[in-house]
Amino acid sequence: MNHQGEHGTMLKVTGLQKVYHGGAADVEAVRDLTFDLAEGELVCLVGPSGCGKTTLLKCIAGLMPPTSGTVELAGRPVTAPPPDMAVVFQEYGRSLFAWMTVRANVELPLKEKKLTRARRAELVAESLEAVGLTAFADAYPWQLSGGMQQRVAIARAIAYEPQVLLMDEPFAAVDAQTRADLEDLIRTIWRRMGVTVLFVTHDIDEAVYLGERVLVLSSSPTVVQDDITVDLPAERDQLTTRQDERFTELRARVYAEIQQAKNGAGSTPAGPDDHAGDGAAQASTAVH
Ligand SMILES: Nc1ncnc2c1ncn2[C@@H]1O[C@H](COP(=O)(O)OP(=O)(O)OP(=O)(O)O)[C@@H](O)[C@H]1O
């Protein structure tokens, strides 16, 4: 975390719009997104299905140019994949090379960096230790469970020592118990490394449990509908945090915002406390 933009801003998205051309009609996936992530923040992004979360992440990661607006990383405009950013995708099965050991998979991106072999080995060992996979360094991905494979993908991202870690629904394909373990792993790594994290999820509980802030996106064409500070203690655990009254309030508020977004109220951002305590949140907390 050597560089930072003005006022400690790590990631700055300004007026981002994305229109897809080429089909029968143009699709305005993202209309006007503006938000900042401070250095070292962990921010979750939720929104209705198809609201443009993946489109936004691709623009942030420099994989696709926005139609208008800008993305800045530590004060520098992003126009191509920045070397200081790592992305963890949902589909761990496709992101690891089956014919390479766990160690080789984690080491691969480090070969682009000018590091000594000894430093590379050190980073690989540290990150495998952080995700609890030291004993599996010489195994192949296909010998591991889905949750373990996703931990390899996380180890690969953190070994790279990124300034910003983007995660696109990384736990959507693992079982509930593994998911809870991986959520705790992300918070532990985040607190230990001080990395800036933008975590996309369709799961409202996960967003509130993990985040220091939750950004709620409207339906497409997308704007930021709400920006909610998660004022829960930094020490979180799956039992007590989820039973905390404040957790329930925040979850209800995010749920109500998403419902409003799905009902097409997206382009008129809601007031800050309009929906706290909405009992509808008890029904379901996944966004579909
Ligand atoms: N290459 C493309 N060409 C045309 N339209 C696209 C393209 N990619 C995405 N879209 C449209 O843009 C909108 C946003 O898609 P995107 O995949 O970014 O949403 P999402 O929030 O990630 O979806 P989900 O929650 O289902 O994963 C959708 O209406 C989608 O159909």
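Colleague: What share of the 288 residues in the protein is buried?

Modeller: Buried residues make up 41% of the 288 residues, a figure computed from the atoms, and it should be read with the caution that this is a predicted model. Among contacts between residues at least 6 apart in sequence, 72% join residues at least 24 apart.

Colleague: How many helices and strands does the protein have, and into which domains is the protein divided?

Modeller: There are nine helices and 10 strands, and the protein is divided into domain 1, covering 1–79 + 163–288, and domain 2, covering 85–161. Across the boundary, 19 residues of domain 1 are in contact with 14 residues of domain 2. On the side of domain 1 that touches domain 2, strand 7 (164–168) and helix 6 (176–193) are the elements that give two or more residues, and by class that side has 15 nonpolar, two polar and two charged residues.

Colleague: Which strands run parallel, and which pair in the antiparallel sense?

Modeller: For a parallel case, take strand 3 (residues 42–46) and strand 8 (residues 196–200), which are joined by four bridges; there, valine 43 has leucine 198 in strand 8 as its bridge partner. Leucine 198 is also one of the contacts of leucine 166. For an antiparallel case, strand 1 (residues 9–20) and strand 4 (residues 68–73) pair over five bridges, with valine 71 in strand 4 as the bridge partner of valine 13. Strand 4 is also joined to strand 5 by two bridges, again antiparallel, and leucine 73 stands opposite arginine 76 in strand 5. These two strands form a hairpin with two residues between them, where alanine 74 in the turn has a positive phi of about 50°.

Colleague: Is helix 1 largely enclosed or exposed, and which of its residues are buried?

Modeller: Six of the eight residues of helix 1 are buried, so it is largely enclosed by the rest of the structure. The buried residues are Lys53, Thr55, Leu56, Leu57, Cys59 and Ile60. Just after the helix, glycine 62 takes a positive phi of about 75°.

Colleague: Which residues come nearest to the ligand, and which elements supply its shell?

Modeller: Of the 13 residues around the ligand, Tyr20, Ala29, Lys53, Thr54 and Thr55 come nearest. Strand 2 (27–38) and helix 1 (53–60) each supply at least two residues of the shell, and the largest share, three residues, comes from helix 1. By class, the shell divides into four nonpolar, eight polar and one charged residue.

Technical notes:
Residues numbered from 1 in each chain as written. Predicted model: local features only at pLDDT ≥ 70, side-chain atom pairs only at ≥ 80, totals over all residues. Near = placed C-beta within 6 Å. Nonpolar A, V, L, I, M, F, W, Y, C, P; charged D, E, K, R; others polar. Contact = placed C-beta atoms within 7 Å. Pairing = 2+ DSSP bridges. Buried ≥ 20, exposed ≤ 12 C-beta atoms within 10 Å, placed from the backbone. Domains from an automatic or database assignment. Lists of a residue's contacts leave out its neighbours within four places in sequence.
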